[in-house]
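Me: I've got a model open and I'd like to learn how to read its salt bridges. Can you walk me through them?

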Amino acid sequence: MRGIKGIYERLWGETLTTLALVMIVKNEERHLSRCLQSVKDIVDEMVIVDTGSTDRTKEIAYAFGAKVFDFEWINDFSAARNYAIKKSTSDWNLVLDADEYIMNNCGSRIRTFIEKNERVIGRIKRIDEFIQDGEKRYAQSYLSRLLPKGVKYVGRVHEQVESDLPRQNLDIEVYHDGYVYTDKTGRNLKLLLLELERDPLNDYVLYQVGKQYKLRQQLRQAELYFEKSYHLVPLKSWYRHSLIIDYLYTIIGNKSFERGLQLIETERDRFADSPDFHFACGLFYMDLIFSDVNKYIHLFPLIEQTFLRCLEIGDTDKYDSVKGTGSFLASYNLGVFHEVLGNMNKAISFYQQAASQQYEKAMERLKVLS
């Protein structure tokens, strides 16, 4: 890992800025090789802190030349992450989890960033694979993971970087499929509730508790915690958009329609440029209207309007977003909308738009209608 750096320094007599991969792991033999393979030619050292593995995790780490340290697990992710950061001897630290791996050829971009900056935090784009309605979906979010020396974490679980340094989005794409293969909600919920005992009005922890209940399909509990977070979260908070989307989907699941109408009315202008917000609104209006057609039929045109607005905005990097809410998912729902109304030409046109992006459900509908 240090070969290229060492040759450069011997030839030119200059010291390059150094970069470490910093990880905490436990029983990750299934994923670890994939992660380390994706990053081994980018970093100068690998620092891996093990919190109690009983499988081949350490053996795999050593095979990649990593420095491996043991840390007794104390139900605190920040404590483990900060211990790992202390073991790094590099100027910068790239933080990854074992079920993540770098997708794109970004080594030179990372090097340029760390050579030109001293006190800036780099945010990577993470693509999360998850299952919804029986099909794979992909969400993207930007996470603070490229950290200059001295930056640390806070939070027992869903830990966050504690720093006032500016943050910059980088073209580093990391794939994450841990949500598909592992259910960590029980562990996370236990730690989050402990955190909430210490700080019961922490809007971010309340949000994360709601997310765990949502993942467990305990939607009544989820809505309760989302509501508490919603009333506390600052308007400019970085995660507020995600909270609103999760809150709205939970409201749909619970059929809390009057609360949903109020939430949409309050947030519509703030998230006028969010395809995910309008997409959730479209689904909300469909469920709302069919719950009581006579009462809500006047809102029927909003179904089409919201999905068309999704297409106008398009898929975006501005917000954490699910791939397709600004393209093929919205087109597909417009196809369904017009098929139900008997507007078959429009339905086929929208299905074709979605199918052009290889959306299988749209292709299936076209086969049926052909």
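Reply: The term means a side-chain nitrogen of Lys or Arg within 4 Å of a carboxyl oxygen of Asp or Glu. Bear in mind that this is a predicted model, where local features need pLDDT of at least 70, side-chain atom pairs count only at pLDDT 80 or more, and totals for chains, interfaces and linings use all residues. Residues are numbered from 1 along each chain as its sequence is written, and side-chain values use heavy atoms, with hydrogens and water left out.

Me: Is Glu265 buried or exposed?

Reply: Buried is under 20% relative accessible area, exposed is over 50%, and partly exposed is in between (1.4 Å probe, protein chains only). Glu265 comes out at 55%, so it counts as exposed, while Arg268 at 29% is partly exposed.

Me: Which parts does the pair Lys58 and Asp70 tie together?

Reply: Their side chains meet in a salt bridge at 2.6 Å, N to O. Lys58 sits in helix α3 (residues 57-63) and Asp70 in strand β3 (residues 67-70), so the pair links parts twelve residues apart in sequence. Helices (H or I, at least four residues) and strands (E, at least two) are DSSP runs, numbered from the N terminus. Lys58 is partly exposed, at 28%.

Me: Which residues are linked in a network of salt bridges?

Reply: Glu100, Arg126, Asp128 and Arg145.

Me: And how many salt bridges does the count come to?

Reply: By that rule, 28.
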